[in-house]
Amino acid sequence: MTANRLDGKALAQEMRREMAKEVSDRVAAGKRPPGLAAVLVGENPSSHTYVRNKRKSCDEIGMANWLYHLPGDTSEQELLSLIDTLNADPAVHGILVQLPLPKQIREEAVIHAVTPLKDVDCFHPENVGRVTTGHPRYYPCTPHGVVQLVSRNGLEWSGKQVVVLGRSNIVGKPLALMLMQKATKANPAGGDATVTVAHTRTANLAAVCRGADVLIAAVGQPGCVTADMVKPGAVVVDVGTTVVDGKLRGDVDPKVTDVAGWLSPVPGGVGPMTITMLLYNTLRAAERIDG
Ligand code: GUN
């Protein structure tokens with residue numbers, strides 16, 4: 001058996017076409033184009049690539065965007081004062097500070113400084129709390145991308161055993177929270193799935209994963225999900241993106257395609273969806289701020 005492909009690239013293109021129309025409709029109605037300010041500190045090559053891709057995607061749908069590239073020795077105070085300026089700028093609807101930051105800057109201080117209305121990453125504790133209590137303002141981009149990728153391929157969450165492998169603040173934890181909420185249009189994964197959060201130190205990890213109807217791998221360890229860990233016919237979503245010998249590798253071993261019913265590729269699966277949901281949040285932010 002060869003698993004069906006959860007094609008994030010194709011779905012991202014479709015959703016971006018829809019959003020390009022929303023952007024041009026707003027502009028035609030005399031509103032400002034939605035705008036995303038990206039902040040990059042230092043010279044981390046992966047961060048440069050991510051930010052370049054995010055900005056290119058903004059351009060493709062007619063979204064305004066700006067890059068603030070600060071030197072690696074920028075002080076925390078300098079970065080916080082830039083964030084203050086962006087918080088007050090009416091042309092900026094979303095602020096994205098690319099992580100990781102250099103060690104002299106406290107990530108937590110920066111995340112707290114972005115005004116929650118412009119927090120399109122959904123990293124601010126107010127926005128995380130809103131997701132937790134079922135009153136979301138935004139959803140974090142990668143978990144939201146995973147949810148859309150599965151749901152828009154016609155696959156069900158309700159009544160399924162879902163195993164989230166990974167417990168990070170950016171993916172594992174918020175995805176588990178989304179699955180525990182009521183289903184909505186923006187979060188069709190909510191409802192009646194049974195959610196297990198596992199990690200690399202989970203006892204009997206292979207057996208836990210084999211119990212999953214939907215298995216989401218987000219641990220950042222290339223190839224760690226092997227075919228013997230997957231229930232035949234399961235939906236497997238690969239969130240891993242580790243560069244090995246210049247190539248992007250997921251958390252899921254390629255042989256899983258012989259066992260799974262559906263599998264997301266790396267690259268071309270979750271990655272394009274993450275960026276798409278960033279654009280989606282920036283559009284929602286423009287609606288909240290400008291009407
Ligand atoms: N670094 C790795 N992933 C992300 C992300 O989703 N947002 C930001 N701002 N930085 C990241």
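Two residues are taken to be in contact when their C-beta atoms, placed from the backbone, lie within 7 Å. By that criterion, and with residues up to four places away in sequence not counted, Val-236 touches Leu-215, Val-230, Val-252, Val-256, Ala-260, Trp-262 and Leu-263. The model in which these contacts are found is a predicted one.

As for the domains themselves, the domain assignment places domain 1 at residues 33-115 and domain 2 at residues 141-271, and their C-alpha centres are 28 Å apart.

Helix H9, which spans residues 270-290, also holds Thr-276. Is Thr-276 buried or exposed? Since a residue is called buried when 20 or more other C-beta atoms lie within 10 Å of its own, Thr-276, with 26 such neighbours, counts as buried. Once its neighbours within four places in sequence are left aside, Thr-276 is in contact with Ala-12, Met-15, Arg-16 and Gly-145. Asp-258, by contrast, is 18 residues from Thr-276 along the chain, and the C-alpha atoms of these two residues are separated by 29 Å.

Note on methods. Residues are numbered from 1 along each chain as its sequence is written. This is a predicted model: local features need pLDDT of at least 70, side-chain atom pairs count only at pLDDT 80 or more; totals for chains, interfaces and linings use all residues. Domain bounds come from an automatic or database domain assignment. Helices (H or I, at least four residues) and strands (E, at least two) are DSSP runs, numbered from the N terminus. A residue is buried if 20 or more other C-beta atoms lie within 10 Å of its own, exposed if 12 or fewer, and partly exposed in between; C-beta atoms are placed from the backbone.
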